[in-house]
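Have a look at the sequence and the model first.

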Amino acid sequence: MNDRARQIFKPEFRFGLGGVSLGNEFNKHTDKEAEATLEGAWAMGVRYFDVAPWYGFGLSERRFGHFLHNQKREDYLLSSKVGKLFKASKNNKHADFYPLSDSPNDIIFDYTADGVRRSIEDSLQRLGVDSLDVAFVHDISPDFAFFPNGWEEQYEIARKGAFPAALQNA
């Protein structure tokens, strides 16, 4: 966690707003509904926002970014995740993972150091901000069922790539 995250993530930030539902994980939401949710959270004092490229194949990050780019960057804490990249594909299989996202992309699992750097840059572009406060390595566990060769292989890649790369940027 960088110094800014330590400064802002104080006890008064006892809760935050996660982005999975605004990525259409459970139900399909309109952009207008997402904006109203974010506006309501902000009005209630929420200043910690957590998103991931995985949530709606980028949809959540785009929606949070649309809202947060109108706020002063120093007024909120923002986290996202690394380990998944996207590639546009005419015959994509996004519906196998996120049937409600309407994404034009396929997922690429990439826990290498280069993949972490690209993932963060891609997230920053979707969010329309210049920095993240926290980057989590996402879904390296036995309960994540979508890895083609099991989670242990991805963990080994992350151990040698994602984790050291994330620590270098801390």
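Nine salt bridges turn up in this predicted model, a salt bridge being a side-chain nitrogen of Lys or Arg within 4 Å of a carboxyl oxygen of Asp or Glu. Since the model is predicted, local features need pLDDT of at least 70 and side-chain atom pairs count only at pLDDT 80 or more, while totals for chains, interfaces and linings use all residues. Residues are numbered from 1 along each chain as its sequence is written, and side-chain values use heavy atoms, with hydrogens and water left out.

Let's start with lysine 81, which pairs with aspartate 50; their closest N and O atoms sit 2.7 Å apart. Lysine 81 belongs to strand 3 (residues 77-82) and aspartate 50 to strand 2 (residues 48-50), so this bridge ties together parts that are 31 residues apart in sequence. Helices (H or I, at least four residues) and strands (E, at least two) are DSSP runs, numbered from the N terminus. Is this pair buried or exposed? Lysine 81 is buried, at 8% relative accessible area, and aspartate 50 is buried too, at 14%. Here buried means under 20% relative accessible area, exposed means over 50%, and partly exposed is in between (1.4 Å probe, protein chains only).

Now hop over to helix 4 (residues 113-127), where arginine 117 and aspartate 114 lie three residues apart, about one turn of the helix. They form a salt bridge with closest N and O atoms 2.8 Å apart. Arginine 117 is partly exposed at 39%, whereas aspartate 114 is exposed at 55%.

Helix 4 also holds aspartate 122 and arginine 118, four residues apart, again about one turn. Their salt bridge has its closest N and O atoms 3.5 Å apart. Aspartate 122 is buried, with a relative accessible area of 18%, while arginine 118 comes out as partly exposed at 42%.

What about helix 4 itself? Its 15 residues reach 21 Å from first C-alpha to last, close to the 21 Å expected at 1.5 Å a residue; that expected span is 1.5 Å times one less than the number of residues. Among its buried residues are Val116, Leu124 and Leu127, along with Asp122. The buried residues of helix 4 pack against helix 3 (59-68), strand 3, strand 4 (84-88) and helix 6 (162-168), where contact means heavy atoms within 4.5 Å.
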